[in-house]
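User: Could you take a close look at the aromatic rings in this one and walk me through how they sit together?

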Amino acid sequence: MNPAYLEVLTASPLPALQEGEDAALAYFVRRDLLGETVPATETLWELPDAVRLIQSQRPDGSWRYAGKTDTPRQNYSLLETYRNLRVLVEQYRFTRAQPGLHRAAGYVFSCQQPEGDIRGIIGNQYMPYYHGAILELLIKAGYTADPQVILGLEWLLSMRQEDGGWIVPAQAVPSKQRTDEFWLGEPLPPDRSRPHAHLATGMVLRAFAAHPSYRRRPEVIAAGERLKTRFFEADRYNDRKAKAYWFKFQFPFWWSNLLSALDTLSRLGFNREDAEIARGLAWFGDNQDEDGLWPTGYGQGKKAPANRRWVGLAICRVLNRFYEET
């Protein structure tokens with residue numbers, strides 16, 4: 001197997017990706033990059049780290065955020081549940097058929113409001129960015145047709161800005177006005193005339209890109225157009241505003257960055273002939289390290305080497321999607 005994307009890179013990342021002892025990473029390198037036949041993904045559910053994560057789950061399906069207690073100001077259990085769902089779904093391919101994942105989904109759905117939004121990580125304020133990222137994971141876990149997922153997607157469509165993207169309404173409030181009364185008060189509706197935040201738009205679009213029907217909606221494609229025009233620019237709001245955040249990569253994805261945005265846009269049907277997409281892809285061709293992997297923008301901590309390899313896998317998947325023969 002000689003994938004076409006290798007021709008645009010200065011060095012093959014495959015040797016570096018095959019180093020180490022991460023069985024889950026090795027599984028996806030073999031399946032997605034080398035084209036090998038592998039066992040069913042359910043075999044990943046029995047790997048020690050996945051088992052330990054499920055064993056730490058609480059009876060209600062949530063996880064405890066170490067050192068933090070839930071308050072009306074912040075539902076740390078929902079935040080930690082999101083953190084762990086990322087790992088279970090993206091690195092171990094858990095689905096709703098796995099009891100622990102099903103319990104986690106039940107907990108998340110318990111945080112959904114009647115109008116459709118999942119709420120709690122930022123008080124009683126709307127959080128379309130986290131909402132979209134959580135829905136992405138539930139859709140990938142098999143909740144595509146679940147009525148609560150559909151309600152959540154429709155809520156997102158109802159929250160768009162006039163320019164087609166999304167903001168976090170609380171971002172538009174000066175920090176000195178974000179008092180406890182603000183966080184716990186009625187949710188602030190978005191000022192639709194404001195420009196979208198690519199932090200929010202990128203995270204929201206991941207939910208639509210994961211859904212086989214919604215990814216074709218014209219409103220979603222239009223939002224994708226808006227996202228790609230922001231590559232390499234500072235955001236319009238203070239949260240993760242600097243241009244450098246485009247190049248801070250982690251996998252599983254959390255915030256919006258160049259990699260997560262291109263992953264989303266590839267699933268929405270954008271192609272490498274698009275000038276802005278080509279410009280984004282070129283960054284990965286121009287910024288390889290000597291071993292063929294990429295800088296992540298994060299430090300040299302204990303988890304940094306593993307993150308770097310998982311990010312390398314995610315980059316190769318995106319490149320392969322854009323460069324595969326059609």
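**Aromatic pairs and their surroundings**

The structure holds 26 aromatic pairs, where rings of Phe, Tyr and Trp (its six-membered ring) pair if their centres lie within 6.5 Å; planes under 30 degrees apart count as stacked, over 60 as edge-to-face and the rest as tilted. One of them is Phe231 with Trp246, an edge-to-face pair at 5.5 Å centre to centre and 75° between the planes. Both Phe231 and Trp246 lie in the loop between helix 10 (218-228) and helix 11 (258-267), so the pair ties together parts that are 15 residues apart in sequence. Helices here are DSSP runs (H or I, at least four residues), numbered from the N terminus.

Before going on: this is a predicted model, so local features need pLDDT of at least 70 and side-chain atom pairs count only at pLDDT 80 or more, while totals for chains, interfaces and linings use all residues. Residues are numbered from 1 along each chain as its sequence is written, and side-chain values use heavy atoms, with hydrogens and water left out.

Phe231 is buried at 2% relative accessibility, and Trp246 is buried at 2% as well; buried means under 20% relative accessible area, exposed over 50%, partly exposed in between (1.4 Å probe, protein chains only). Then there's Trp254 with Trp255: ring centres 5.8 Å apart and planes at 40°, so that pair is tilted. Trp254 is buried at 9%, and Trp255 counts as buried at 18%.

Back to Phe231 and Trp246: they belong to one aromatic cluster that also includes Phe232, Phe247, Phe249, Trp283, Phe284 and Trp294.

Definitions and conventions
Helices (H or I, at least four residues) and strands (E, at least two) are DSSP runs, numbered from the N terminus.
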